[in-house]
Each structure stands twice: as structure tokens, then as C-alpha cells.
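Here is a short report on one protein model.

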Amino acid sequence: LLATGSEPVPLPSLPFDGKVVVSSTEALAFDRVPEHLVVVGGGYIGLELGSVWARLGSKVTVLEFLPRLLPANDAEVAALLHKALGQQGLDIHLNTRVVGAARSGRQMTVRAETDGAPAEFKANKVLVAVGRRACAGSPTSPWRRRWCRSPSEGSSARSEGDWPAPTSLCVTGGCYPRRTR
């Protein structure tokens, strides 16, 4: 088993900039509570981080493309969670497709379509949490260079061209020669 690590999936219409449009990694380390956070994606990562920031005082709006939250989970559980998050103050929009965004100073305007009708959502920070993928893409990807480094670069994940010979055993922290009997 080779664990290559994972990286957040960006949206073509909303690329990460690491400052205003962020992934879950940057959303864990904001320097202050955002006044208004828009979360793109109604999966467990976006909902968990949205819930945390709402409890810390941020106004949180969740935009989910599908007709319900947690699409990969039990529908009954998702409905109960939707209700609980609404009681926490999260503003949840289902059937909402993000089509673009515009930045004006420190403010982002996220353009979307909700049930086919245009909508706009203003925010100080936008968390894109639409999924993760294995670190198997281009070695020149900014995410690959930052988060998916080889052990010699300070991480246990490996990049293309940095794979051990088949006679090695790789575990977190490095590769070791196999013992022969």
C-alpha cells in the first residue's frame, strides 16, 4: 500500500488563491474569524468547518450543487444534520451551481445559479470543499509542490519520479530495504 496523500479539488470557476478563496487546509488557519464565509460544497469537510466558524461568530452560507447535504451518506441522517445546521445559523442553499466569482478588495462575490435562477453571495472568505483527490497529478501543480512532497522534502507523501525500487518497503517516514532470507 502506497499512501500518496491527497489534495483538495479546485473548481475551474473558483480557483484557489490561498488567501480569499481557500481549501480546507487554509480554512483551519485563518488569522481572524471571517465576517461572512461562503462554503462551496455540502460534504462533511465543508460542513464541519462551516459549523466551527459559525460557532466562532462568522455568518456562514453553504452552497451545494446537489439536492441534499452529505450526498454520499444516509438521507435521513443528512436531513437531521441539515436541520441542526440551520438551527446553528448556517444559511444552506441546495441545487446551487457556482458559475464564477469576482473579487473587489477584500470582498468576494460568488455568482451561482439556484434552481436555474441567478444568485449572488458576498463573502470575506470562500472555502471550496468539493472533494479531495490522490496526489497523483502533475508534479508542477502548486498543491503538489506545497503539500505532496517526498520524505526528503519534509513530508511522507511521494511525488512522481521519487518512488523507491521494488525491493524497498515504504512506511510513513521513509523507505527501507527489504530483508532477504
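Which residue in β8 stands opposite Thr114? Thr114 faces Ala117 there. This is a predicted model, in which local features need pLDDT of at least 70, side-chain atom pairs count only at pLDDT 80 or more, and totals for chains, interfaces and linings use all residues. Residues are numbered from 1 along each chain as its sequence is written, and side-chain values use heavy atoms, with hydrogens and water left out.

**Hairpin**

β7 (107-114) and β8 (117-123) pair in the antiparallel sense. Seven bridges join β7 and β8. Strands count as paired if DSSP finds at least two bridges between them. Helices (H or I, at least four residues) and strands (E, at least two) are DSSP runs, numbered from the N terminus. β7 and β8 form a hairpin with two residues between them. Asp115 sits in that turn.

**Open sheet**

Strands of a sheet pair through backbone hydrogen bonds, either parallel or antiparallel. Here, five strands make an open sheet with parallel pairing. Their order is β2-β9-β3-β4-β5. β2 (21-22) and β5 (91-93) are the edge strands, each pairing on one side only. β4 (residues 59-63) joins β5 over three parallel bridges. Leu63 has His93 of β5 as its bridge partner.

**Helix α2**

Helix α2 (residues 44-55) lies across β3 (36-40), β4 and β9 (125-128). α2 runs at about 165 degrees to β4. Such angles run from 0 to 180 degrees between N-to-C directions, with axes fitted to C-alpha atoms, for helices over the stretch in contact. Contact means heavy atoms within 4.5 Å.

The expected span of a helix is 1.5 Å times one less than its number of residues. The twelve residues of α2 should therefore span 16 Å, and the end C-alpha atoms are 16 Å apart, which agrees.

Buried residues (under 20% relative accessible area; exposed is over 50%, partly exposed in between; 1.4 Å probe, protein chains only) in α2 include Leu47, Leu49 and Trp53. The cover over the buried residues of α2 includes α1 (24-27), β3, β4, α3 and β9.

**Positive phi**

| Residue | Phi | Location |
|---|---|---|
| Gly57 | near 115 degrees | follows α2 |
| Asp115 | about 50 degrees | loop between β7 and β8 |

Is Leu70 buried or exposed? Leu70 counts as buried, at 8% relative accessibility. Asp115 is exposed, with a relative accessible area of 62%.
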